[in-house]
Each structure stands twice: as structure tokens, then as C-alpha cells.
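Reader: I would like to learn how to read a model like this one. Please take it feature by feature.

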Amino acid sequence: MQAAAVFRKTFGTACRIAVNLLIFAIFFIPFYWMFLTAIKNLGQTLQTPPVFWVSKPHWENFSKVFAAIPFFHMLKNNLIMTFGIMICQFFTVIPAAYAFARFRFAGSGFLFGLTLATMMIPAQLVFLPLFLMFSRMGLINSYASLILPWATSSFAIFMLRQTFKQVPRELIEAAKLDSASEWKIIFKLMLPIAKPTIVTLGLITFILNWNDYFWPFVLTTNNAVRTLPVGITSLNIVDGGVKYHILMAGNLLLVAPVLVAFFFAQKQIIKAFTYMGGK
Amino acid sequence: MRDTGKTIEAYLPLAMPIPRMAAAEKYLRRAARAATPYMMVAPAIWSLCVFVVYPILYMIWLSAFRWDMIGPKIYVGLGNFAELFSNPDFYVVMGNTFRFMFFSVSISIVGALLLAVYLKAKTRTNAILQSFIFTPYIISMVSVAFMWVWLMNSEYGLLNFILGKAGASGVRWLEDASVAMYSMIIVAVWKGLGYNVIILISAMHAIPNQLYEAAALDNTKPLKTFFRITLPMISPTLFFLTLMNIIAAFKVFEQVALMTGGGPINATNTLVFDIYQFGFKFYQLGYASAQGVVLMALIAVCTAAYFGALARRVHYGGEA
């Protein structure tokens, strides 16, 4: 009897370790393979059977990436687009969320309904008409066409409104008695209280826009404002053929900042996305 | 007040109109107070109207025209829709879109459920594994797509090497028309799974522990505990998560554009990629807009289901 119990326990632990290793392999090996390919040369890349370790990393792959695409220009565009969107959203989302949380005004129900109704509408639905709109205004290949459509976020308004609603009314009334203006209440009272929500929303906005490929791809026709994710795709063909080691080197440069950030702030990042999905 | 040496009478002429001024000021102040909320929502609402509502109305309007972006718009009424629904390619594209949606969402949701149960205990190993599963979710689809294009390369790819070691023959992951769509689904699941896992785990952690303690007292079997306690308690989260997954699957584009370009022979061509092709490659903007209206209808159904369920949940006093 006891031997059977011991056996079952050992067997269970062994199974668990095996499954853990399998999960680890499925989610780690693709990243390792990207990294490894990024430091191989062409010969090692196409070697069969493949080599699983290279003793002399070919760092020159990265300089080939810099030579093939205007990397730093695109990095700059990526930063401008991402932070442009974040700054715009800061100034559109916070007052709107506050107004929807605190006031009942004529049409407030309708306007909030409009905000909710647009929450699910993806970029993939509006890119065609917006492309035509921007091209009529001569704004294709401009930062405006990358930033303005995302200048506000229904989702962020909704989330922040929920947070603002939880602030006790007495606190606001007390501030009112001190004859603080509404704007002062927002920036001096509400923002410090809602800071965790705002940081969370900011983090999500940053990651999603930093990674975005679709929008900068469909709204640009040249490299003037193209961002890194779009730039990396043109590494697909270098010197008239697919050079996977160059492609993976570019890929590594694209994911490295996110991976480093994730490594240091994984708890916060996972919490942020959990929070987003939990409502 | 500074003493200017004058008596109060000297100010009287100035003071005369004060009562009327006060009324005007009071009125203005009230007007300003009434306008405050409108000023606060104005930037957001303006932006939503210009960049969401107007484009959608414009797209619906455009779907009634034949237009190549340069020439004049020719009114065709519902002609684009007639053309759309009589085009066999459209049914191929819709079939692909739904197949992609169905398999990627069901595999991802069921897989995430299993992993959430497996990893929900708060241990160090589980936390590390969760991080690994979640990582693909926060990196760009561009990177994920290229990583997998390389892994799935039929000659030099790691996947076929592993298959070969296991004694199986290589698969032409992205070149075989009968396989390519499933390769896309594998990549979509790999990227999106982690998000579903962490959401489900957090929903499971929110279940009151007394329920499990009661079940343990009754010596309930783990499987029964799962179906009688865990699953019903997380079902609202599961429902919303599934809807979000469905919407995300309907708008798939990056993967198609970067991994297969819709091929081979249309096998991975999906709705958004087709809209892009017709709009930006073939310059049939009316036809592309009509397809856009179809996509809008799909998303509208999902959104309606979402808010319908949300309203019911609030109505029955469930926690939102």
C-alpha cells in the first residue's frame, strides 16, 4: 500500500516536471532560435543538421541591419508615434472620464453610449476610409495620420471612469467648498488617487502601439514616418533573397527592449493586462 | 484695502451698476459651470466622431459606389454586395476567416483553461511558466510571424528537423494549401494563449476559498469540483474572453500579410487581408468597402452580445 502511494507521488511529480519542461520548451525555444540565428552567419544558418550553439557570434549581422534599413530613423518614428498617442490620450481621456464619472448633463447618456459603442471598433475596420480621408488632406506619410486616429481611447475612458466613480463624493464636495475649480480637482485630487489605473493604461497603450504594424503599414507609402515593426519587414528580402540571420537580427532588435522591460517589470505588466481583461 | 484717502462716498458712483453686473456675472458663471462637462468630453468625443463614426459612415456610403480612387464615383446601389455574394472567392475568404476564428479561439480558450487549472497554484515555478507563456503576447506580431516563418521553413526550419528526428516526414507548413491555415492557427494560439491564461487564473483566484473547502469536506473528485465550482464561477470571464478572442480573430491581418500573403492559392486569405487587397492593390474601393460592411456586421454582433451580457449581469446584481 505504502509503496503504491510513494510510487504514485513520484510518478505525479515526474509528470509535472515533464509537462513543465514541455511548456518551457514550447515558449522558450522559438526565442532562443531567433537569438541563435541572429548571431549565425549564412552558412551556419542553412546548415543541416542545424547547430544549436555558435562559439563565435557574428555581431556584424546587426550592422547589416543598420545598413539595410534606416533603423534609427524608424526608431525615432516609433517613439514619436507611441509617445504622441500617449500624450494625446492623457489630455483627452482624463477630462472625459472625469466628466462621465461626475456629471449628469443633457446628452451625457448618449455621449457615453457612443463611447462604449466605439470601444470594439478595430483599426482594421476604419483604415480604408481613414486612408482616403488623410490622402484627401495630403496627410499620408505624416505623423498626424499615425497619431490622431488614436488620440483618444474609448476603452481608457471607460476604465478610468470606473476608477473615478469610486472616489468618495464627500472628498470632491470638500474640495468644492475650498472653491477649487473642476480642473484643479482633476489634477490635484483625482489624478493622484487614480495613478495606478493611469499607469496601467499607459503601459498597455505603450506596448500595443510600440508593437503595432498594421496602422503604420497601411497609412504610409514611404519611409518618412514608418516605424520599426514596418521597417523590420523589409529585411525579409536583403540582397535579393531571404537572409534569415539578418531578419532574425532585426527581429531581435525589435523585441529586445520589450523583453528587457518585461524581465524587470513582469509583475506589473501581467497585472496591467489582467486588470484590462478583468472588467 | 489700501487707504487712498478718499471716503467711501467717493466710490458710490462706481458702485451704482453693481447689482446688474452681479446678475450678469452669476449668469455667466452658471453658463460656464453648465458648459464645463461639455468642454471636458469635447476632445474625446470630437476625436471619436472624426476618426471612428465618420469613417464608418463614409465606408457604408462608399459601398454603394464603384470607384478606383482616381476616376469619378459611379453609383451602383447594392451592386457591390450583389457582386460580393456572387463571387466564389468571397466564400473562400469567409470560410478561411471563420475556420481561423473557430480553431484559434477554441484551441486557445480550452488550452488556456487547462493551463490555468494546471498553473493556478501560487508557486515560484508556476509564476515563471506563466511569464514564459505570456511573453509572446507582448511582443510585436511582426517578430512572432518571422520567428515562425523561420521555424516552419520546409528545408532549413527547426520544426521539420525535429519531426525528422522523430521519424516523421517534413511538413510544408506554409506552402501546402491544406496545411497553411493550420500553421497560421498554431502561431495565433502561441501568441495569444498567455493572455487568456493569466485572465483565467486571476478569475480562478477570485473564487472564494470556502467553496473549495466545502468540496474538500465532501471528498468531491477534482474533476467534479472543476465542473461544479470552478467553471460556473469563471463563466462570465470565460464568456467575455471568448468574445474578445473572436473579435481579435476576425481582424487577423499581420500574420497573413507577413507569413503567406494570403496564399497558397487563397488558402490563408482572410477578410481584412482581402479588404486590403481590394482597396490598396486592385483599387476597387466600393467593393472593398462592401467587404468592410460585412466585417462591421460581424463585429457588431459580437459587441451586441458583449453588452447584452454585461447589462444582464449588472441587472442580476453580479459583480462587474
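Author: Begin with domains: their bounds come from an automatic or database domain assignment. On that basis chain B is divided into domain 1 (8-62) and domain 2 (92-315). This is a predicted model, in which local features need pLDDT of at least 70, side-chain atom pairs count only at pLDDT 80 or more, and totals for chains, interfaces and linings use all residues. Residues are numbered from 1 along each chain as its sequence is written, while chains are lettered from A and ligands numbered from 1 in the order in which they are written.

Reader: How many residues of domain 1 of chain B are in contact with domain 2 of chain B?

Author: Two residues are in contact if their C-beta atoms, placed from the backbone, lie within 7 Å. Four residues of domain 1 of chain B touch six residues of domain 2 of chain B. The C-alpha centres of these two domains of chain B lie 47 Å apart.

Reader: Which residues are buried in helix α5 (residues 108-117) of chain A?

Author: Count the other C-beta atoms within 10 Å of a residue's own, placed from the backbone: 20 or more is buried, 12 or fewer exposed. In α5(A), A:L111, A:F112 and A:T115 are buried. They lie on the same side of α5(A) because they cover an arc of only 100° around the axis, taken from the directions from the helix axis to the C-beta atoms. The face turned away from that buried side carries the exposed A:G109, A:F110 and A:G113.

Methods: Helices (H or I, at least four residues) and strands (E, at least two) are DSSP runs, numbered from the N terminus.
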